[in-house]
Each structure stands twice: as structure tokens, then as C-alpha cells.
Amino acid sequence: MSKFEIPKTVNPDLDIERKNASFNPDEMAAFFWGKQEIVEMKRMIEQEIYSDLDDPLTHEFASYEDMASIAIKHAVAATKKLRAIQDRINPGGSEVYPTLMGGPVGAALMPAGNPFAVHLVMFTRALKGQGTPEQYEKFGRRADNCEIIGTFAQTELGHGTYLRGLEARADYDRKTQEFVLNTPTMTSYKWWPGGLGHTCNYCIFVAQLYIDNEAKGIHMFVVQVRDEETHMPLPGVHVGEIGKKLGMNGVNNGFLGLKDYRVPRMNMLMKNQQVLADGTYIKSPVSQLSYFPMVYVRCMVAIGNALMLAQGATVVTRYSVVRRQSPIDENEPEPKVLEHLTQQMKVIPEIATAIAYRLAAANLYLLYNQTAKDISRKDFSRLPELHALACILKVSCSYDSTFGIERLRQSCGGHGYLLAANLGNLFATATAACTYEGENSVLYLQVGKILMKVWADVLEGKKLMPTMAYFAECAQMTQFPNWTGTWDCLVKALQFACVGATRVAHRSYSARLKAGQSQPVAVNNTALELTKAAELHGRVNVAGNFYQEVVNGKGKDKRSPQFQKVLENLLELHLIQTFFRHLGDILRFVRVTENEISALQVRMEEALITLRPDAVAITDGFDFHDKVLSSALGSYDGNVYERLFDAALKHPLNKKPVPDFFEKYLKPFMKENAIKAKAKL
């Protein structure tokens, strides 16, 4: 048999899971995506845009050069499709285009990666948010219309998260009213911007501004790097691709060097700071405004990585009720692998974690939008809080989604290692977020330093940011109240542990300052304690947000009793799992007995068993189209083995019965060995 037909029916093992669910997955979909109208629009759009997509395996078998071409083809097609829908349903809006160019829909439309991603997420937004109205008219409108394609060239070969260390220079020339841009060393070359390699013809170039050789800090400059007609690099520009990566190889990440490259004075983005014609420098009212484009990306990372973890959980949950292996009772047939408690522990907590981060990321995005409105009114009061929350959620979500997807992949055995499972691509995309837009350890330290200030404010009785308010409450407790094991108790235990870790870090930090260490040295020597406090603050935010949404959420009264019970079971599992993950941290500050810990262990096992019958329905409720999942293991119909064979037979090596390497290498090698063997007889 040379071909295996994929059945038109649903695998009976998966079908029975759906029939036995305790609630309607559509209710989960509305909860997960925000409201029913969003789900309906999403489904309508997906039905329209996925009908003519290329086989996602096509680019996997392509050469690197062909993959780049395929990625551009897909990006152009996706742009046209989504723009047409946006213009039809809500001209001037953004809920379809450019929003859906990222996330799950974008991944389905552009499986090799999106070479327009940074253009859409950072280049156009920076022109609008950091440029003057005149600069937006000159560059922004053309960028929004894709007449020009740009990127955000900040990271350098030798410097990333430490922006003050960037080496690229912009020297102001009063005589010509131009900036002279240079990357004076090899390490000052821009390195990593998406689309910079061969896709973009413009970029925002982030450099240290110098006036009369006096440093003024980092600033942004609009730079044309390629001719708009020929696409040839302009004189003084050295640009290209950085090479193959762990994943997203169609994104066309690039390098850029500039040599005495001149741009007009008005090419510096001047909404918040200016250089006048005579060289007078006018400083920004708030220095953090320069970093606002990065804050947005960190919000997007939290949302995107939560969705990637949910995709992985969907694939593996479906596979786990189709795959049968290893009898629990030797006298019984092989069960679905999800019947094994160890498999439940690998899979179901990741479902809960994905939901927890989806909710936390949605709240972060609301804060971002509110802060953006405040900034437009010159109110910068919530910018520090947004910065802290965006940092910590970017870190914790990228770490946890990367860990979770890899755990899920391993739970599929060998089949999870196949490219056709698509778990490897999910992992590669998720783990990239651990280092871009702020390396995670550095961001942990930034939050740790913010917590030092928060603790100092607590000691002085100052008002705290809303997301830090629990510090003041916990600081008033001499010890943790009696242990009850309730959800509220579990959240408060995390809060108490975080405040305790912050207090200890502050004590160590202060002692080092008193011993004569400089502030930077004291921070470095307290780094492990600072990052621990920051990590716990992230856990507090995610767990507390999940708790509030399930127990006191605005939509609670509209939920069916069955769905509310499922959410409560997921909350129970998430809180207890988080407790065990940080048991050592909690026990350092909270007295919990062995019997109380054992009771939580029993509750966790019971939560797994209770959620097990609804696992498929919950992940169905994530509402991911098969084109998004792109997985032989996780399709809605559950026909795993047929789809694995179908994927295998598409491999170029299977196009002919005898590969070219047989006659070229293998046959001569075996013949040579046979001749040598005969000669010895």
C-alpha cells in the first residue's frame, strides 16, 4: 500500500470525549477570546482566508533562499486578504488588519514566519507614536500603506537589552543640518531586526545622539537603506541576512552597518524630544517614552506566548485520547494515555496555565491602551506600572510557555519529535521570546530593582501602584495568618512569599550599600535575590488575576453552572501547582505543616481526575482552526496515524523509490566492501 486515505469521520476515541463533556465548548471560546462576537468574527474570517493556503510542509522542504521567497509570497498574500476583509467590514479599523497578521492567524497564513512583523508591530507604531504629525505624513502614511517596508533597528551584534551600551552614533552637523550616522565597530552593526535582511527598504535606526561630541542618549532616526525602485543598498549601507536560526527562518532577520550616512535633521523622530536647527537639544519630558514601542511588543509577547501554549495543549490533549499505550491493569486493554495520572500531570496543568496567562495578558493590554491614552493627554503617571507589569509578564509567560510546550512535546513520545507534529515549531517560536525585546534575566533584574523602590515606599508609607498594593498589606503582618488552604489563602501565601523575598533582597542590597559597594555593584551582588522576588511577583500577578476573574469576574453571572465549575477546577489546579512549584519559597516565610501539604497533594490529584473528562472540550474551546495547529497529531478529527503517514509520503525523498545518493555514494561503498571481503578469503 503506497497511500493511506485520511478518513472523513472523527476518530471514535476523540468523538466520545466530546460527547461526554460536562459543558459546551462554545462557552469556553467566548470566555477565552473575550466575547462571542469576537469568536464569530474569527470563525468567519478563518473560513474565508484558509481555503487556498499552501501545504505548510512545502516551505520545510525548500532551500533557505526559496524559503525566503515563499515567506514574502505568503506575507503579501496575507496582507491583501486581511486588508480586503478590514475594508469590507470596518474601513479604517484595525481588528482584522494589521492585528491578525500576528498570532495564530498570522502563523497559519505565514508558516515560515512573517517578514513584515516588525514593520507592523514596531516601525509603523513608532512613526505614529514617536514622530511629529509632519513626520507621520512624510513616512508614516506610506508605511501604513506598505508603499515602503521598514523595521526597527535597535539590537546590535555586541549589545541587546542594555540600550545605554549601544555603539551606533548619530552626530549632528550644524552646517548642513544633518545627522551623520555610523556603526563605528563590528559590534555596533545592527543585528537581528526582522525583515532587515532583504525585505525592508527603510528602518528606524536607534543610535546614541551626539551634539558637539556630547552624548544625549539614544534616539530614533528614519533611514532609507535600499533604493525604492531597484532595491539595491544605498551608498554607505552594508545590509544582509544573519543566517539560519532555530525557527522562524522566513522572518529575514538582518544586519546593518552605516558609514558616514547622512540624513536630514527632520529624520530624527521628534515628538518627545527635538534637535533645533542651531543644535539646541530639547529633552523629552519623560525618558521612558523612548522605550514605549518596546512596551507594546512585550504586551504582544505575553498574549502570543499564551496562545502558543494553548495551541500545544490542544494538540497534545487530542493526541492523548487517541494514542493508547501501557495497560494500567495488566488484564485490561491498553488505555488512552490520558488515563495515566502522569500524563494528566504533563498535559492538564498546561491547559490551566495557558488560560491563566491569556487572562493576565488581556488585562495587561487593557492597561497599555489606557496608558497610551493617558500619555496623549500628557499624563505619565501609570507608565512605571505598565513598564513593570509588561516586563514581568513578558518574562514569566515566555519562560512558562517554552517550558510547557517542551513538556507537552515530550508527553507525545517519539511522534512529538516529528516536524509534522508542529510542536517543534511552536517551541522554537515560543523560546525566541525569552531573548528578544529584553533578555529575560535582565528584565527580571529591572523588576527586582523596581521592587526595591516599592519596598522603600512601603517603609515610608507612600501610596503604591495598584498592582503592587499587596506589598503594603503584607508588610503589616508580623506573620502569615492561620493556614486554611483556600484559594484566597494560596494567593495570599504567594503574595506573602514575594513580599518576604523582596524584604530579604532589600536587606541584602542595603547592607552592601552600607559596606561601601556602589549601587550597580550592590545590584549585581544581590541579583539572585532580586530575580527571585521578581519571579514571585510575576506568579502573584498571574495567580491573583486568575482568581479574581473566576471568583469575581464581570461575566461570572452569565456563565452556566457547568462552565463555572470547570473554571473553578482549572483555578484549583493552577493555584496548587503554583504552590508546589514554589514550595521552598513559601515555606521560608509561611508555616505550612506536612499534613497540610499532603492535603494539597490530594487536592491536586483530584483536580486532575476531575478535569480529565473535560480536557478535550476545554481545548476545543480554545477554538484553534486546524490550519493554525498545522499538526498531524492534533487535528480536530483525531485521525493521527493516517495524517502522520500522509505527511511522511510528502517528503521529497519519497518521491522516487531509489534516491540519487544510492548510485553516487552508497552502492560504491557497499561494492567496495564486498570486494575487500572476497579478497581476504
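**The cavity and its strands**

Modeller: Happy to. A search of the whole structure turns up one cavity of 30 Å³ or more; a cavity here is a set of points, on a 1 Å grid over the protein atoms alone, where a 1.4 Å probe fits but cannot get out. Please keep in mind that this is a predicted model, in which local features need pLDDT of at least 70 and side-chain atom pairs count only at pLDDT 80 or more, while totals for chains, interfaces and linings use all residues. Residues are numbered from 1 along each chain as its sequence is written, and side-chain values use heavy atoms, with hydrogens and water left out.

The largest cavity holds about 40 Å³ of space, a volume being the space filled by probe spheres set on the points, with grid points joined across faces, edges and corners. Its lining consists of Gln130, Ile218, His219, Met220, Leu269, Gln273 and Ser290, where a lining residue has an atom within 4 Å of a point. Three of these residues are nonpolar, four are polar and none is charged; Ala, Val, Leu, Ile, Met, Phe, Trp, Tyr, Cys and Pro count as nonpolar, Asp, Glu, Lys and Arg as charged, and the others, Gly among them, as polar.

The largest share of that lining, three residues, comes from strand S6 (residues 214-224). Strands (E, at least two residues) are DSSP runs, numbered from the N terminus.

Nine bridges join S5 to S6, and the two run antiparallel; strands count as paired if DSSP finds at least two bridges between them. Ile211 has Glu214 in S6 as its bridge partner. The hairpin of S5 and S6 has two residues between the strands, and there Asp212 takes a positive phi near 55°.

S5 (residues 202-211) is mostly covered, with 10 of its 10 residues buried, that is, under 20% relative accessible area (1.4 Å probe, protein chains only). S5 also has parallel partners. Strand S1 (residues 152-153) joins S5 through two bridges, and Ala153 has Phe205 as its bridge partner in S5.

Technical notes: On a 1 Å grid over the protein atoms alone, a cavity is a set of points where a 1.4 Å probe fits but cannot get out, and a pocket is an open set with protein on both sides within 12 Å along at least five of seven lines; lining residues have an atom within 4 Å of a point. Helices (H or I, at least four residues) and strands (E, at least two) are DSSP runs, numbered from the N terminus. Buried means under 20% relative accessible area, exposed over 50%, partly exposed in between (1.4 Å probe, protein chains only).
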